[in-house]
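Me: I've got a structure open and I'd like to learn how to read it. Can you walk me through the features one at a time?

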Amino acid sequence: MNYSFDFAPVFAAWPMLLEGVIGTLRMSSLSMVFGLSLGIVFMLMRMSKSNALRAMAIGYIELIRNTPILVQVFFVFFGMPAIGIRLSGEQAAILAMTLNCAAYAAEIVRGGVQSIRPGQIEAGRALGLHTADIYRFVVFRPAIRAVYPALCSQFILMMLNSSLVSSVSAEELTYFAQTLDSQTFRSFEIYLTLGVIYLVLSQFFSAALGVIGRVYFSYPTK
Amino acid sequence: MIRQFGWGEFLFLLEGARWTVVLTLLAFTFGGALGLGVALGRTSKWRLLRILMATYIQIFQGTPLLVQLFFVYFGLPLLGLKVDVWVALTIGLSLHTSAFLGEIWRGSIQAVPDGQSEAARALGIGYVHRMVDVVLPQAFRIGLPATISFLVNLIKGTALAALLGLTELTRSGQLMANITFEPLQVYGAVALVYFFICLPLTFSSARIERRLNADR
């Protein structure tokens, strides 16, 4: 092996990589928030009494969970213009990741909601809480609290998966790394650095989500 | 003249799907073998080995698969190895698989009640037989649903091979979309092929999981 490593051009391009980090953070955070919200809608459909709604939700969830996210991204970015919806790379990326995240979030949150015993809801009703309040305080909050770790790992996976929206030229970290690669040809150094950045990002997300969880779920349980 | 997306074009996608299946099988075989080593290392009595394996797993779980594949693809030539893209992909996917299966199987090994290996030790059974005959068969049962779920993830993961230029299912779809100018139908068809490969696995995983829970 007689390859001389040269990280200088990689580090010299730090403003570009920083912009990429911000892009990754922006796209994955938005997809997380939208994905969780849409996921709750699908979860409600999945658990509703109507057979049609349930079938639709199951169909959607299984379709998303059994196809690669890359194909979903391509479908949204290249396929949607055929039906008149033209999106930029970043919009397509956020939409595809939201749709993807929703299916997983729906199943995770459903697990949490099913862990709430009917007695809890009855108790809420006996205390005279509004239906909305029962959903909010008695069902959702404890349900999401119960599955929060699983939800967090799904979010982190989402952030890592955002690397492949570079293929539809959404300007996130991997996209800039590829640009840098074509400018400097320091492939190995770039992808090593990229790996380290993602490792730090996933630790950061893990810590940040942990803090959010501790603040939001810090009510007494007993 | 622009080609229409018809039956012949669909068969072209299926031909691409062969690579998807081959890559999955190769990565699952090699990754599984390596993953067993990772799982045993992660549950060994030597602290250093445990820490080493935990770090290995953390690295693969904390970086995107795409970056891992690029890293292997560009890293192998530095070691003086000139390999085809499918070999690089097999190596990359196998390493990825080994970390994830290692972590799944670590959990399964630890889920086997301590009494089992204690009893084996009391009978004077050595490490190899204790693992092969007592702990691993039980761990295999516990870990089966999660292993199949990971297999589904691996099949979906092979789609990234398209970005490195291997003509598997997704790349065939890209080529076909460029020829026919019907991306909606083509990517829809690609998604359906993946769907029908993965769905039976997802269902069997869910069924096995229900059956295991029913025993309890």
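Reply: A residue is buried if 20 or more other C-beta atoms lie within 10 Å of its own, exposed if 12 or fewer, and partly exposed in between, with C-beta atoms placed from the backbone. Of the 222 residues of chain A, 41% count as buried; for chain B, the share is 42% of 216 residues. Keep in mind that this is a predicted model, where local features need pLDDT of at least 70, side-chain atom pairs count only at pLDDT 80 or more, and totals for chains, interfaces and linings use all residues. Residues are numbered from 1 along each chain as its sequence is written, while chains are lettered from A and ligands numbered from 1 in the order in which they are written.

Me: How many helices and strands does chain A have?

Reply: Helices (H or I, at least four residues) and strands (E, at least two) are DSSP runs, numbered from the N terminus. Chain A has nine helices and zero strands, and chain B has eight helices and zero strands. As for extent, the C-alpha atoms of chain A fill a box of roughly 75 × 45 × 30 Å along the principal axes, and those of chain B span about 75 × 50 × 25 Å.

Me: What share of the contacts in chain A join residues at least 24 apart?

Reply: Two residues are in contact if their C-beta atoms, placed from the backbone, lie within 7 Å. Take the contacts in chain A between residues at least 6 apart in sequence: 75% of them join residues at least 24 apart. In chain B the corresponding figure is 76%.

Me: Is Met32(A) buried or exposed?

Reply: Met32(A) counts as buried because it has 23 C-beta neighbours inside 10 Å. You'll find Met32(A) in helix H2 (residues 14-46) of chain A. Leaving aside neighbours within four places in sequence, Met32(A) is in contact with Cys101(A), Phe155(A) and Met158(A).

Me: Which residues have the most contacts inside the largest nonpolar core?

Reply: In soluble globular proteins, nonpolar side chains tend to be buried together. A nonpolar core here is a set of buried Ala, Val, Leu, Ile, Met, Phe, Trp, Tyr and Cys residues joined through C-beta atoms within 7 Å. The largest one has 116 residues, and those with the most contacts inside it are Val73(A), Ala93(A), Leu160(B) and Val190(B). Helix H5 (residues 89-114) of chain A gives the most to this core, 15 residues. Beyond four places in sequence, Val73(A) touches Ala92(A), Ala93(A), Ala96(A), Leu164(A), Val165(A) and Val168(A).

Me: How many residues does each chain put into the contact between them?

Reply: Chain A and chain B each bring 32 residues. On the side of chain B that touches chain A, H8(B) gives the most, with 11 residues. By class that side has 24 nonpolar, seven polar and one charged residues. Here Ala, Val, Leu, Ile, Met, Phe, Trp, Tyr, Cys and Pro count as nonpolar, Asp, Glu, Lys and Arg as charged, and the others, Gly among them, as polar.
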